[in-house]
Protein chains: 2
Amino acid sequence: MRILGIDPGLETTGYGVIAIEGDRAVHVRHGVIRTRPAAARAARLVALRDGLLAVARESGAAAAAVEAGFVGQNVRSALLLGEARAAAILALADAGLEVAEYAPALVKQTVAGFGRGEKAQVARMVAFQLGLAAPPAPEDAADALAVAITHWAHGRLAGLPRSLA
Amino acid sequence: MRILGIDPGLETTGYGVIAIEGDRAVHVRHGVIRTRPAAARAARLVALRDGLLAVARESGAAAAAVEAGFVGQNVRSALLLGEARAAAILALADAGLEVAEYAPALVKQTVAGFGRGEKAQVARMVAFQLGLAAPPAPEDAADALAVAITHWAHGRLAGLPRSLA
C-alpha cells in the first residue's frame, strides 16, 4: 500500500510517497509544488490544488495524510496556511483519498522521538527510516515524507485512525 | 451584470447576488451554506466548495468578490477561516469567475459609512441600498450582499480593480 503525505504551504507545499512492504516503509518519491508569489490568490490556490491532484492521481496512493495545526502566533500566517491546507485537502478528496491529519508535534515525535525535533533532525530520521543515502530535500518534502511515515506508524499502532489532529 | 458576494466561514458561508441595472443595484437572492460540525474536515470543505460552485453557476454572475482578512487574534480561528476562504475561492475559480477580495473594514465603510459598522447596521444599510423592505437574514447573507455592493461601488469609482484586499 502507498501513502501520500503532504506538508502544505501557499508558497511551497511538500509531498512524499512511501510504500509499505511487509513491516517496513520504503521511499517512492518526493517533491514540492511552488506557486508564484506575484500571482493572484485564486490563481495560486488553483495551481496548488491542480498540482496536488495530479500528484495524488499519479502516486498510486490508497491513503493520504496532511500536517494539521499551526505553530506560531501570527494570525495572517495562520490564515494563509489555512488556505493552502484547504486546497490540499480538496485535491486529495477530489482524487478519492481519505484524508488523515496529524499535528506537527506528533509528526516530529513519531519520526524523531522526543528530541528537539529540529527540521534537519526530522530529515535525517526520515532518511534513516526509509533507507535513503542522504536526507531528502527540500525540507518541505522531507516533512511530507515524515507525515506519510506518521500515518503508517499510527495505523500500525492503532488500526489506522482517521485523524489524530 | 450580476455580482456574487461571499462571506466565507467553515460553519456558515453567506452568499448574495445583486444585479446592476443602470446606475443602481438590485437584489437577486441571498442565502447561506452550512456544513455539519460533526463531519470530517475534508467532507465539510468539499460540501462548502460544491455548494458554492452550484450557487455560482446558477447565479448568472459575471463577477465575484470575497471578504478577505480576519478580525481578531485567535490563531486557530484564522486557520479555519483560511480553509473556508480557499474552498470559496476555488469554487468561484472553478465556475470561471474572477475573484476580487475586500477587507472587512472596507466592506463596512462602503455600505455603512464611517459609523460603528455593527452587524445590524450593515444589514439595515444593505436593505436600504437594495430597496428591500427588511434587513436580509441571516447576518452572513447580509454581509455577502454587502461584499457584492462593495465590488459594484469600487468598480464604479475605480474601474473594477481586481483586488482591494
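In chain B of this predicted model, five strands make up an open sheet with mixed pairing, in the order 3-2-1-4-5. Strands here are DSSP runs of E with at least two residues, numbered from the N terminus, and two of them pair if DSSP finds at least two bridges between them. Strand 3 (24-34) and strand 5 (99-102) of chain B sit at the edges, each pairing on one side only. On average, neighbouring strands of this sheet are turned by 20 degrees against each other, direction ignored, with axes taken as lines fitted to C-alpha atoms and angles running from 0 to 180 degrees between N-to-C directions.

Strand 2 (residues 12-21) of chain B runs antiparallel to its partner, strand 3 of chain B, over ten bridges. Within strand 3 of chain B, B:His27 is the residue that B:Ile18 stands opposite.

Over in chain A, A:Ala100 belongs to strand 5 (residues 99-102). A:Ala100 counts as buried because its relative accessibility is 2%, the cut-off being under 20% relative accessible area (1.4 Å probe, protein chains only). Its C-alpha atom is 16 Å from that of A:Phe70, 30 residues away along the chain.

Residues are numbered from 1 along each chain as its sequence is written, and chains are lettered from A and ligands numbered from 1 in the order in which they are written. Local features need pLDDT of at least 70 and side-chain atom pairs count only at pLDDT 80 or more, while totals for chains, interfaces and linings use all residues; side-chain values use heavy atoms, leaving out hydrogens and water.

Notes: Helices (H or I, at least four residues) and strands (E, at least two) are DSSP runs, numbered from the N terminus. Buried means under 20% relative accessible area, exposed over 50%, partly exposed in between (1.4 Å probe, protein chains only).
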